[in-house]
Amino acid sequence: MSYFRRRVRRRRLTIFILIVALLLGTAIYFLVRSPGPQQTSGNPMMTLEPEADRTPRPLPTFEPGQAAPIIDESQWDGMDDATLKTAALSSAYNLVDQGKVSEAAALLEKAAERLPGDTDIADILPRYQKAAAQEQELEPYNGLIHHLFTHCLIAYPDLSLELGGAAKDLWIDCITPLEFERILNSLYEKNYILIDIHDIISNPSGDGENYEFATLELPKGKTPLILSFDDVVYDSKKMGRGMVDKLVLTEDGKVATYTKLADGTEETRLDNEFVPILNQFVWDHPDFSFKGVKGTFCLTGFEGILGYRTQSDTPLDREAEKAEVLKIVARLKEMNWNFASHSYGHRWMNKRDIDLIREDTQSWEDEVEPLLGENELVFVWPYGDRIKPGDPKYQVLKDAGFRLFCGVGGKAYNLPESDGTLFMDRGAMDGTSLWHYQNIYSIYFDVDAVRDPKRPNLDN
Ligand SMILES: [Zn+2]
């Protein structure tokens, strides 16, 4: 066959294919575009079923105090990728909060199979697997239990700095969100693990009198650490100086902060207080927490708790304030936060007479304990001003049920007292330690490395 004839044949074939394609295309176009009259007149068989499948399945609504929703793979069908991811992550977080890290890891493994291109899930999955594995290798721990504390964070450092001397106390007592996050990263890298303060005390005889430090069962190679947070009043006298106004719940069940700024702007945020920051840190690093434990709120009562004015002389609607804060307390408990007493009035207790200690303790039991729903065993001395066993004022607190007392001291110190109660010191994460405790705190973090560049040196 000559070259010329081959070319003619090829051209004929090409024209033939083009005509067939054109005819097919036209036929398909008219079939799709012009359905028969009976099909446009509302035949229910022709409603667009697949459209329903593409509509994201709504996530369950959240009720504080109810069990947090767990949406496992049996409910994932029909979800788009973004909804499935949100459902899988929030369910994993809820499982971690409940201390069920193995279930959380299994759920994320299935989510990673369904969403193979998702880097967020791929990034955290190994930490979930590690947390699940480390729970299988527990060993007894009898050594020192470490305890660090701070106050509410300086949520708005720039605002606070603009006030100069008027907000100086904040920079002495408090740290910034950046410093808190850096400290958490260091504690995590140094193999500390968060534990519940109530798990460290035991009463083997069950007499309610003779307490000892419990032998803990912890993942191998981890050092137990308690994080506690003092006051958390959001005192009305301190508002507008750099702290948030109160804690609130978001629609998806997160604990956030609410602040009304001087210009009237209202902000709800998850990045400027220890509660949302530590929650997210544990969700991202579940191997940093034993059984999903977060921290301890050391609460006073003279101006309510958590930014809600629940005190007896409140200028606001007390019942409404109580109703709001009860939802937050319920949610915090679900997320494995716990509570301690920091007295009602936050006074120097050694200087005060016994009648005031009695009155103060009674006020705490009347106004704060009912919001927490249980009798509290842990008492944290205001200003670290410790009263020792044998003092009649100490007996007042024992009679109120307190058994573990916490002070302030940089070096970890656990002391069983002769009367069957317990004492432990707590290292302060505050302005003083971030400038001066380089050596003592090197087992926790490098103070120079965690210090916020915005932090003023108050010595100068
Ligand atoms: Zn305090």
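Modeller: Let us begin with Y383, which lies in the loop between β13 (378-380) and α14 (392-399). The model is a predicted one, and every value below is computed from it. Y383 has a positive phi of about 60°, although it is not a glycine. In general, most residues other than glycine have a negative phi. As for its surroundings, Y383 has 13 C-beta neighbours inside 10 Å and therefore counts as partly exposed, since a residue is called exposed at 12 or fewer and buried at 20 or more.

N336 is found in the loop between α11 (318-334) and β12 (338-341). Its phi is near 70°, again a positive value in a residue other than glycine. N336, however, counts as buried, because 21 C-beta neighbours lie inside 10 Å.

For a residue within a helix, one may turn to S91, which is found in helix α4 (residues 81-97). S91 is buried, with 24 other C-beta atoms within 10 Å. Leaving aside neighbours within four places in sequence, S91 is in contact with I70, I71, D72 and L107. S91 and E103 are 12 residues apart in sequence, and their C-alpha atoms are 9.8 Å apart in space.

The helix pair α5 and α6 can be described next. The axes of α5 (residues 101-114) and α6 (residues 119-134) come within 9 Å and cross at roughly 150°. The two helices are therefore roughly antiparallel to each other, and their crossing is left-handed. Residues of α5 that meet α6 include V101, A104, L108 and A112; on the side of α6, those taking part include I121, L125, Y128 and A132. By class, this contact has 12 nonpolar, 2 polar and 1 charged residues.

The wider setting is as follows. The protein has 16 helices and 17 strands, and buried residues make up 36% of its 460 residues. Of the contacts between residues at least 6 apart in sequence, 68% join residues at least 24 apart.

Finally, a word on confidence. The average pLDDT of the protein is 89, and 87% of the residues score at least 70. Over residues 1-8, pLDDT stays under 50, and the model has 1 contact beyond four places in sequence for them. Residues 25-56 also stay under 50, with 8 such contacts. Where pLDDT is low, the predicted coordinates should not be read in detail.

Methods: Residues numbered from 1 in each chain as written. Predicted model: local features only at pLDDT ≥ 70, side-chain atom pairs only at ≥ 80, totals over all residues. Helix = DSSP H or I, 4+ residues; strand = E, 2+ residues; numbered from the N terminus. Contact = placed C-beta atoms within 7 Å. pLDDT = per-residue confidence, 0-100. Axes fitted to C-alpha atoms, helices over the stretch in contact; angles between N-to-C directions. Parallel < 35°, antiparallel > 145°, perpendicular 65-115°, else oblique. Left-handed = near helix turned anticlockwise from the far one by under 90°. Nonpolar A, V, L, I, M, F, W, Y, C, P; charged D, E, K, R; others polar.
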